[in-house]
Amino acid sequence: KNFLDPSVAERICSSTFSYNKFVEYMPWNVRRRNKRTCVCMYHLHFTMLLQSYRKKALSLHGPNCECKCPFCLRGNCSGHPPTKDLDSFADHVHSACISALNLGDDFRFEHLKPKCSTGNCDSCKVEQSPFYVCPKEREASEDIVPFKEMAKEERKITTKSGEKMGTYTVERTVTNRTLGYLKKRIADAYQKKMKFTGFQQDVGFGEHRWIARVQNKAYDALISSNKLPLNHMVVTVDFGSNNMSFSGDSQTQGEFFSPVQCTVLPLIVHHWKRISDGSLRLSASAYDVLSNDLSHDNEFVQHAIRELVQVHKEVLIENGQELKFMHLYSDGCRSQFKGRQQFGFVSCSKSVLGLTASHSYFCSCHGKGGSDAETSYVHSFLRNSQKASRINSAKEAHQRFLAEDSVKPKTASKIIRGECDEKHALVDRNVVYFGAEDVDRASA
């Protein structure tokens with residue numbers, strides 16, 4: 001209905017309508033964002049291998065392919081659909097089992113059986129895929145093909161204690177391997193344990209992707225209004241990928257003074273909230289922690305969770321409920337979320353937090369969720385605020401948030417009116433500050 005407004009239509013036609021404003025007015029159900037996409041290092045690595053093969057295959061077939069194999073006769077060589085993207089590749093490999101399910105347009109990758117993604121299904125073998133036996137591509141197996149991949153690289157970094165060697169994840173190009181090697185590497189990576197420079201995974205990429213899809217399906221089902229009990233809450237947590245740095249006012253200052261840094265730990269909470277008409281609505285809220293504690297350790301995480309639980313216990317009391325259960329989701333970073341300290345914290349949650357807790361991990365690797373999007377908002381807000389005047393500490397950054405009305409999410413009123421998808425849009429944002437001296441490490 002917003003697009004029917006003549007003034008809005010005029011602004012669109014006159015090119016004065018910004019992209020962000022266009023997205024804001026766009027009905028939420030026009031194109032659903034893909035919430036089941038894992039963008040971890042394994043996905044990125046496999047995509048690079050697949051796209052490198054695609055580039056070579058398209059150049060082999062050319063615009064006028066004369067190959068008479070079944071794959072080329074169907075016209076597949078012109079666009080090479082199996083290597084277009086990950087979904088196309090999976091649809092091609094598992095085509096026999098997909099047809100047997102007879103789900104049509106309702107098919108999703110997670111509908112496959114586990115054995116299909118592990119390479120144990122006789123019908124789902126990458127080597128049986130038609131483009132793997134196309135004569136034109138087979139004859140070029142000895143051609144040298146450059147391809148990209150993700151790798152770990154050691155570099156010298158400078159810390160407070162001096163210089164030391166650090167490990168970085170980088171994108172690199174391999175130039176001395178053949179097309180046959182690349183083809184075999186794609187098949188092995190999809191069906192077997194993934195091994196590549198600096199990385200090792202206990203499952204093949206096909207199984208990893210299947211697990212990621214099933215996990216996200218379960219996560220989405222949990223935060224749907226007909227699944228989550230009134231006295232439960234779901235918490236998604238992840239540290240910001242980089243500390244927020246506040247540089248000096250000038251280049252000269254930057255040469256003599258190290259930038260002030262700030263830890264950002266966003267927690268996205270799905271819970272039941274009482275709205276203006278007195279009814280309860282399942283809502284998402286952000287609880288953003290800023291701190292001068294740059295350790296990023298599990299003790300800091302535990303302290304933030306304890307404070308968060310106390311805040312939301314009061315929220316549920318307003319709803320006439322007592323908080324009984326917390327579903328915690330994070331990636332598998334060992335020093336932050338997946339270690340003995342965290343396991344002990346969750347096991348003793350009844351005595352420590354006064355509720356029962358469970359902790360689930362996104363495929364034991366770095367997944368992306370609402371907390372990552374919230375990190376982007378916090379960084380963007382502070383960068384814009386710093387343009388007006390320099391921020392000298394993490395505590396001052398917190399004060400900037402308290403002084404601004406824009407901290408309240410823009411989508412809040414739309415959710416309450418039922419105009420957008422409430423599962424992934426925020427209705428509230430709380431920004432808090434913990435000093436390094438405030439973190440209770442003795443209780444962790």
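1. Basis. This is a predicted model, in which local features need pLDDT of at least 70, side-chain atom pairs count only at pLDDT 80 or more, and totals for chains, interfaces and linings use all residues. Residues are numbered from 1 along each chain as its sequence is written, and side-chain values use heavy atoms, with hydrogens and water left out.

2. Cysteines. The structure holds zero disulfides (a disulfide is a pair of cysteine sulfur atoms within 2.5 Å). Cys116 is in none; the nearest cysteine sulfur belongs to Cys97, 3.8 Å away. Cys134 is in none either; the sulfur of Cys69 is nearest to it, at 3.7 Å. Cys116 counts as buried because its relative accessibility is 4% (buried means under 20% relative accessible area, exposed over 50%, partly exposed in between, with a 1.4 Å probe and protein chains only). Cys134 is buried too, at 0%.

3. Helix H13. This helix covers residues 298-318 (helices are DSSP runs of H or I, at least four residues; strands are runs of E, at least two; both are numbered from the N terminus). Its 21 residues should span 30 Å at 1.5 Å a residue (the expected span is 1.5 Å times one less than the number of residues). The end C-alpha atoms are 31 Å apart, which agrees. Gly320, with a positive phi near 80 degrees, follows H13.

4. Val301. This residue is found in H13 and is buried, at 1% relative accessibility. Not counting residues up to four places away in sequence, Val301 touches Phe239, Gln336 and Phe337 (contact means heavy atoms within 4.5 Å). Val301 and Gln336 are 35 residues apart along the chain, yet their C-alpha atoms are separated by 7.0 Å.

5. Strand E5. Which way do its side chains point? His232, Val234 and Thr236 point one way, Met233, Val235 and Val237 the other, and all are buried. E5 runs parallel to E9 (residues 325-330), with five bridges, and antiparallel to E7 (residues 260-274), with four (strands pair if DSSP finds at least two bridges between them). Val235 stands opposite Leu328 in E9, and its bridge partner in E7 is Val269.

6. Cores. The largest nonpolar core has 31 residues; Phe46, Phe89, Leu112, Val126, Leu182, Ile186 and Tyr190 touch the most other members (a nonpolar core is a set of buried Ala, Val, Leu, Ile, Met, Phe, Trp, Tyr and Cys residues joined through side-chain atoms within 4.5 Å). Helix H10 gives the most to this core, with six residues. Apart from it lies another core, of 30 residues, including Val237, Val309, Leu353 and Val439.

7. Aromatic pairs. The whole structure has twelve (rings of Phe, Tyr and Trp, the last by its six-membered ring, pair if their centres lie within 6.5 Å; planes under 30 degrees apart are stacked, over 60 edge-to-face, the rest tilted). Tyr219 and Tyr329 are edge-to-face, 4.8 Å centre to centre with 75 degrees between the planes. Tyr219 lies in helix H11 and Tyr329 in strand E9, so the pair ties together parts 110 residues apart in sequence. Both are buried. Phe381 and Phe401 are stacked, at 4.2 Å and 20 degrees. Phe381 is buried at 11% relative accessibility, and Phe401 is buried at 2%. Ring pairs also link Phe46, Phe89, Tyr190 and Phe205 into a cluster.
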